[in-house]
Amino acid sequence: MEDVLGVYARPYDPALPVVVMDEKPLQLLADARPGTPAAPGRVARQDSEYIRCGTCSIFVWAEPLRGWRRAYADSTRTRIDWAHGVEQLLTVDYPDADKVVLVMDNLNTHSVASLYQAFPPEKAYDLAARLEIHHTPKHGSWLNIAEIELSCLTKQCLGRRIDDLTVLNAELAAWARATNADERQVEWRFTTSDARIKLRHLYPTV
């Protein structure tokens with residue numbers, strides 16, 4: 001926990017950007033019957049019955065101090081999917097950074113080993129050399145700022161049924177463009193000192 005809190009306390013450094021990432025599953029759903037749009041004096045109505053159109057995973061990558069985020073959906077959530085997300089992060093989003101400091105939960109796909117499954121060893125090594133990985137502790141994923149981003153995305157972008165992955169990605173891209181234009185930053189206020197007081201039951205007794 002203190003490792004992640006120490007990362008969040010670092011000052012902004014474009015050469016060593018602190019990026020957080022997280023993912024969540026989503027069902028693609030279609031209406032079984034057409035709904036009724038809103039009208040003067042009448043709210044919009046939606047039938048409770050729906051049609052399942054498969055599942056997908058939403059990925060969010062964000063730099064809290066810069067106010068930047070990228071969101072997209074894939075049909076799967078594999079080591080290969082995560083590795084390609086890292087590749088875009090390092091080669092497209094942050095090609096000039098010396099290293100990217102990456103904070104994420106301790107999911108089995110979130111490891112350097114995934115890069116070696118997706119790319120030749122030389123490329124995997126080069127990508128891994130530009131990563132500084134910090135995992136949130138087990139049962140401590142609330143320390144991941146990307147969870148805040150996913151919560152905002154869910155409330156602002158996923159309030160209706162979406163049945164197509166292409167449509168979903170268009171919605172996610174529009175959300176990212178709008179929030180990036182606002183440069184909405186995240187001010188993390190829970191510090192190591194706070195943790196030692198409020199969560200002292202987690203520390204061993206000496």
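**A chat about the model**

Analyst: Leaving aside neighbours within four places in sequence, S114 is in contact with R79, W82, A83 and T109. Keep in mind that this is a predicted model.

User: Where is the place of S114?

Analyst: S114 belongs to helix α3, which covers residues 112-118.

User: Is S114 buried or exposed, and why?

Analyst: S114 counts as buried because its relative accessibility is 0%, and buried means under 20%.

User: Which side chain does the side chain of S114 make a polar contact with?

Analyst: That of R79, at 3.0 Å. R79 is also one of the residues listed as contacts of S114.

User: Which residues in α5 are buried?

Analyst: The buried ones are I145, A146, E149, L150, L153 and C157. They cover an arc of only 145° around the axis, so they sit on the same side of α5.

User: And what covers the buried residues of α5?

Analyst: The cover includes two helices, α1 (2-8) and α6 (165-182). It also includes the strands β1 (18-31), β2 (50-63) and β3 (68-74).

User: What caps the N-terminal end of α5?

Analyst: N144 does. A side-chain oxygen of N144 lies 3.0 Å from the backbone nitrogen of A146, and A146 is one of the buried residues of α5.

User: Changing topic again. How many cavities of 30 Å³ or more does a search of the whole structure find?

Analyst: The search finds 1. The largest cavity holds about 40 Å³ of space.

User: Which residues line the largest cavity?

Analyst: The lining consists of R10, P11, Y12, D13, L16, P17, V18, E63 and L65.

User: Take L65, then. Where is its place?

Analyst: L65 is in the loop between β2 and β3. Its relative accessible area is 37%, so L65 is partly exposed, a class that lies between the 20% and 50% cut-offs.

User: What is L65 in contact with, leaving aside its neighbours within four places in sequence?

Analyst: L65 is in contact with R10, P11, Y12, Q185 and V186. Among these, R10, P11 and Y12 also line the largest cavity.

User: What separation do the C-alpha atoms of L65 and E187 have?

Analyst: Those atoms are 7.6 Å apart, while L65 and E187 are 122 residues apart along the chain.

Note on methods:
Residues are numbered from 1 along each chain as its sequence is written. This is a predicted model: local features need pLDDT of at least 70, side-chain atom pairs count only at pLDDT 80 or more; totals for chains, interfaces and linings use all residues. Side-chain values use heavy atoms; hydrogens and water are left out. Buried means under 20% relative accessible area, exposed over 50%, partly exposed in between (1.4 Å probe, protein chains only). Helices (H or I, at least four residues) and strands (E, at least two) are DSSP runs, numbered from the N terminus. The arc is that of the directions from the helix axis to the C-beta atoms. Contact means heavy atoms within 4.5 Å. A polar contact is a pair of N or O atoms within 3.5 Å; within protein, one must be able to donate a hydrogen and the other to accept it, and residues adjacent in sequence count only if both atoms are side-chain atoms. On a 1 Å grid over the protein atoms alone, a cavity is a set of points where a 1.4 Å probe fits but cannot get out, and a pocket is an open set with protein on both sides within 12 Å along at least five of seven lines; lining residues have an atom within 4 Å of a point. Grid points are joined across faces, edges and corners, and a volume is the space filled by probe spheres set on the points.
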